[in-house]
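Here is a short tour to read alongside the sequence and the model. Please keep the viewer open as you go.

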Amino acid sequence: MIVLGVETSCDETSVAIVKDGKQVLANVVFSQIAIHEEFGGVVPEVASRHHVGKLTFVFEQALQQAQLNASDIDLVAVTSEPGLIGSLLVGIISAEAFALANNIPIIYVNHLTGHIYANYLESDFYFPIIALVVSGGHTELVLMRDHYDFEILGKTMDDAVGEAYDKVGRVMGLPYPGGKYVDQLALQGTFRYQLPLVYLDKDSYNFSFSGLKSAVINLINQSKMKNEELNLADLAASFQTVATTVLVDKTIQAAQEYNAKHIIVAGGVAANRGLRNLMKEKVSQLPGVVLTFPSFEYCTDNAAMIAVSGYFKYLKNQTRNL
Ligand code: KG4
Ligand code: ZN
């Protein structure tokens with residue numbers, strides 16, 4: 001079964017073609033990062049306009065790359081939520097037009113399920129699964145007892161972890177989006193600054209990152225006022241250690257409570273090397289538990305993951321009539 005995926009929920013315009021949920025025949029991603037860089041964040045209306053400008057070209061590129069025609073596509077899968085409403089609308093309308101014109105069924109996919117299913121490109125799924133979804137907009141712990149069965153165990157009460165990374169990066173004067181650069185800097189530093197490690201209730205799978213973010217920003221501002229030197233690499237390492245410790249601890253706790261056979265890390269922050277290393281170390285102490293991350297190109301937003309998620313949703317008969 002050949003699925004064409006469309007993703008425009010934020011600042012990536014992407015169309016992908018995936019066979020049987022496993023084999024990526026094309027994954028074209030046009031990133032708007034350079035466009036939003038001067039504003040230090042995504043400007044929604046600007047994002048929508050660039051999706052409009054690029055999407056037809058990205059559709060054509062994907063078909064060309066896969067060496068397929070529209071008539072070869074069995075299913076169209078499009079991100080329908082969550083995301084920037086204008087950006088989503090561009091992808092949805094284009095996907096619907098393509099599906100209608102070529103008489104192909106269409107399926108609407110939740111973006112976060114796409115992040116989770118990016119892991120299917122790496123490995124089969126072994127249920128029950130605990131999935132840690134960490135992106136610029138979300139931080140969630142999800143229990144999956146079967147394909148397309150999602151139970152949210154916990155989520156952030158305030159900032160998403162990627163958002164905290166990006167704000168910390170901005171205050172440190174790093175390029176946008178800061179997550180990747182804070183990660184690079186952290187690997188050159190050592191844990192030295194005491195920062196708040198927020199677990200909320202002991203039994204809660206919810207997260208909170210705004211206090212941690214503010215503590216880092218306050219340290220930087222205070223040192224500027226006092227004209228004191230801060231070691232930014234050590235500060236990045238301290239921030240990263242605290243942020244990833246909470247993420248990993250809660251994931252392991254959930255894996256033990258629900259007897260998980262498989263732990264999945266998903267979303268843009270799944271590219272973080274501190275998180276990968278700590279998670280590998282802790283999961284190695286849980287006998288028989290499989291751990292997967294998407295490969296780097298499928299951590300951040302892409303349509304391949306939407307095609308995979310759409311494929312599994314289709315197998316569960318969750319299509320909707322146009
Ligand atoms: O999943 P994604 O592409 O978009 C959303 O759905 O939000 O995630 C983007 C987020 C950004 O906050 C970005 O800074 C963060 O992922 N990110 C990282 C790393 N690479 C990307 N954060 C920490 N370490 C990284 N290596
Ligand atoms: Zn995303």
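The notes below cover a metal site and a sheet.

## About the model

This is a predicted model, in which local features need pLDDT of at least 70 and side-chain atom pairs count only at pLDDT 80 or more, while totals for chains, interfaces and linings use all residues. Residues are numbered from 1 along each chain as its sequence is written, chains are lettered from A and ligands numbered from 1 in the order in which they are written, and side-chain values use heavy atoms, with hydrogens and water left out.

## The zinc site

Let's begin with the zinc ion (ligand 2), which is coordinated by H111 (NE2), H115 (NE2) and D301 (OD) at 2.0 to 2.1 Å. Donors here are N, O and S atoms within 2.8 Å of the metal (3.2 Å for Na, K and Ca); water is not among the atoms, so sites may look incomplete. Along the chain, the donors of this zinc ion have the spacing H-x3-H-x185-D. H115 belongs to helix α4 (residues 111-117), whereas D301 sits in the loop between β10 (290-292) and α10 (304-315), so the pair ties together parts that are 186 residues apart in sequence. Helices (H or I, at least four residues) and strands (E, at least two) are DSSP runs, numbered from the N terminus.

How buried are H115 and D301? H115 has a relative accessible area of 0%, and D301 has one of 14%. Both count as buried, a term that means under 20% relative accessible area, with exposed over 50% and partly exposed in between (1.4 Å probe, protein chains only).

## The sheet

Now for the strands: 5 of them form an open sheet in the order β8-β7-β6-β9-β10, with mixed pairing. The edge strands are β8 and β10, each of which pairs on one side only. Two strands pair if DSSP finds at least two bridges between them. From one strand to the next, the twist averages 20°; axes are lines fitted to C-alpha atoms, for helices over the stretch in contact, and angles run from 0 to 180 degrees between N-to-C directions.

## Strand β7 and its two hairpins

In strand β7 (residues 139-146), 6 of the 8 residues are buried, so this strand is largely enclosed by the rest of the structure. With β6 (residues 129-134), β7 pairs in the antiparallel sense over 6 bridges. These two strands make a hairpin with 4 residues between them, and V134 has T139 in β7 as its bridge partner.

β7 also pairs with β8 (residues 149-155), again antiparallel and over 6 bridges. Their hairpin has 2 residues between the strands, and Y148 in the turn has a positive phi of about 60°. Across this pairing, M144 stands opposite F150 in β8, and V142 stands opposite I152.
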